[in-house]
Amino acid sequence: MRPAHIAAILDQEFQATLSGQHTPVMLWGPPGVGKSQIIAQIAKKHGVPLIDIRLSQMEPTDLRGIPFRKEDYVEWAVPAMLPDAKRHGPAGILFLDEITSAPPTVSTAAYQLILDRRLGEYQIPDGWAIFAAGNRQGDRGVTYTMPAPLANRFTHYEMEAHLDDWVAWAHANQIDERIIGFLRFRPDLLFHFDPAHNPIAFPSPRSWEFAHRAVKKFGHMPDLLRDTLEACVGPAAGVEVKAFIDSMDQLPDIDAIVNGQDSHVPQGIDLQYGVAAALVRRAVLAKGTPDANRVLGNVLKYARRFPQREMGVMLVTDLHRAVGKPLFAVPEFAEWANSITDLMLYDLK
């Protein structure tokens with residue numbers, strides 16, 4: 001399932017705590033696709049705390065608490081990490097990460113916590129959602145088979161990398177537009193992981209964020225940039241993205257395009273992806289400023305000039321994901337839409 005759909009489901013599950021309809025959710029997926037990050041985004045969106053418990057690093061007593069004698073009885077000291085309405089707030093997210101890497105003795109201790117929202121006398125506050133994540137068997141991680149009683153306490157979703165969702169996230173988080181352009185050019189490299197070949201560094205949504213950081217840190221040091229990119233995404237992808245970045249020197253003047261000046265469309269498909277990503281980034285930077293409509297209008301005019309109209313459609317689609325409804329209010333949008341009407345009708349057949 002694509003990340004955007006997962007995010008919508010998690011958002012609804014969090015809000016369902018208010019009506020008592022929340023069901024714990026388990027996210028499955030290979031390393032680096034953004035399972036932990038998407039849960040953090042839900043917490044940030046609602047302004048609630050996120051308690052991240054790594055079950056793989058715990059002992060059963062860490063979760064159950066420590067027994068102590070009180071007069072003639074034994075009581076349990078509740079671990080401070082578990083949600084408490086007074087200390088943490090009435091609403092939040094309890095995230096059980098790496099749950100498939102936890103020894104069976106630890107996952108067994110979590111049964112009651114997940115299904116009944118309690119451990120002994122302790123009870124999770126009503127406004128707290130329970131989400132979990134883990135790698136699948138075969139992902140070359142340390143994993144245990146999830147016991148059936150534990151699996152039956154969750155709804156299960158498998159998360160996969162999706163280029164459109166990653167591009168939208170990348171523009172929103174100011175990932176270098178050359179990285180975005182490269183992945184539009186080579187979409188198969190957004191995620192490429194073959195456990196059989198025992199890779200150390202490999203392309204994934206997470207490692208492309210590392211590549212972005214490498215470009216920012218070593219972009220002025222070309223002798224080191226290739227090595228640092230290979231360290232992030234692996235040798236093959238590192239060589240390709242370095243060559244792509246070097247070729248971006250041949251791009252037309254982006255400032256001239258957003259200012260409405262006549263600019264050529266590069267012939268190379270790789271350069272066309274590069275200029276499209278750069279133009280979306282300029283529109284994102286102009287969002288909310290007095291120049292926003294002018295920039296959007298000039299980008300839309302340029303989108304009509306691509307020899308392959310599908311390239312213009314991709315540019316405008318990314319533009320819409322990045323800036324939203326204000327795009328429709330720009331007069332040039334109607335002109336662009338009319339120019340590709342026959343193309344859209346053909347796609348709908």
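At what angle do helix α8 and helix α9 pack, and how far apart are their axes? The legends below take that up along with other close-ups; keep in mind that this is a predicted model.

**View 1. Helix α8 packs with helix α9.** Helix α8 covers residues 163-172 and helix α9 covers residues 177-185; the angle is about 170°, with the axes 10 Å apart. Angles over 145 degrees count as roughly antiparallel, and α8 and α9 are therefore roughly antiparallel to each other. On the α8 side, the contact is made by L163, D164, W166, V167, A170 and H171, which meet I179, I180, L183 and R184 of α9. Sort the residues of this contact by type and you get seven nonpolar, one polar and two charged.

**View 2. Helix α9 and what covers its buried residues.** I179, I180, G181, F182, L183 and R184 of α9 are buried. The cover includes α8, plus α10 (205-218), α12 (235-247), α14 (269-286) and α16 (309-323). Look at the start of α9 as well: there, a side-chain oxygen of D176 comes to within 2.8 Å of the backbone nitrogen of R178.

**View 3. An open sheet of five strands.** The strand order is β2-β5-β8-β1-β9, and the pairing is parallel. β2 (50-54) and β9 (155-158) sit at the edges with a single partner strand each, so one side of each has no neighbour in the sheet. On average, neighbouring strands are turned by 20° against each other, direction ignored.

**View 4. Strands β1 and β8, with two helices packed on the sheet.** Four bridges link β1 (residues 25-28) with β8 (residues 127-134), and the two run parallel.

**View 5. H22, in the loop between α1 and β1.** Is H22 buried or exposed? Its relative accessible area is 14%, and buried means under 20%, so H22 is buried. A polar atom of the H22 side chain lies 3.1 Å from the backbone oxygen of E13. The H22 side chain also reaches the backbone nitrogen of I130, at 2.9 Å. Leaving out residues up to four places away in sequence, H22 touches E13, A16, T17, R117, W128, A129, I130 and F131.

Terms used: Residues numbered from 1 in each chain as written. Predicted model: local features only at pLDDT ≥ 70, side-chain atom pairs only at ≥ 80, totals over all residues. Heavy atoms only, no water. Pairing = 2+ DSSP bridges. Axes fitted to C-alpha atoms, helices over the stretch in contact; angles between N-to-C directions. Contact = heavy atoms within 4.5 Å. Parallel < 35°, antiparallel > 145°, perpendicular 65-115°, else oblique. Nonpolar A, V, L, I, M, F, W, Y, C, P; charged D, E, K, R; others polar. Buried < 20%, exposed > 50% of the residue type's maximum accessible area, 1.4 Å probe, protein only. Polar contact = N/O pair within 3.5 Å; in protein donor to acceptor, adjacent residues only side chain to side chain.
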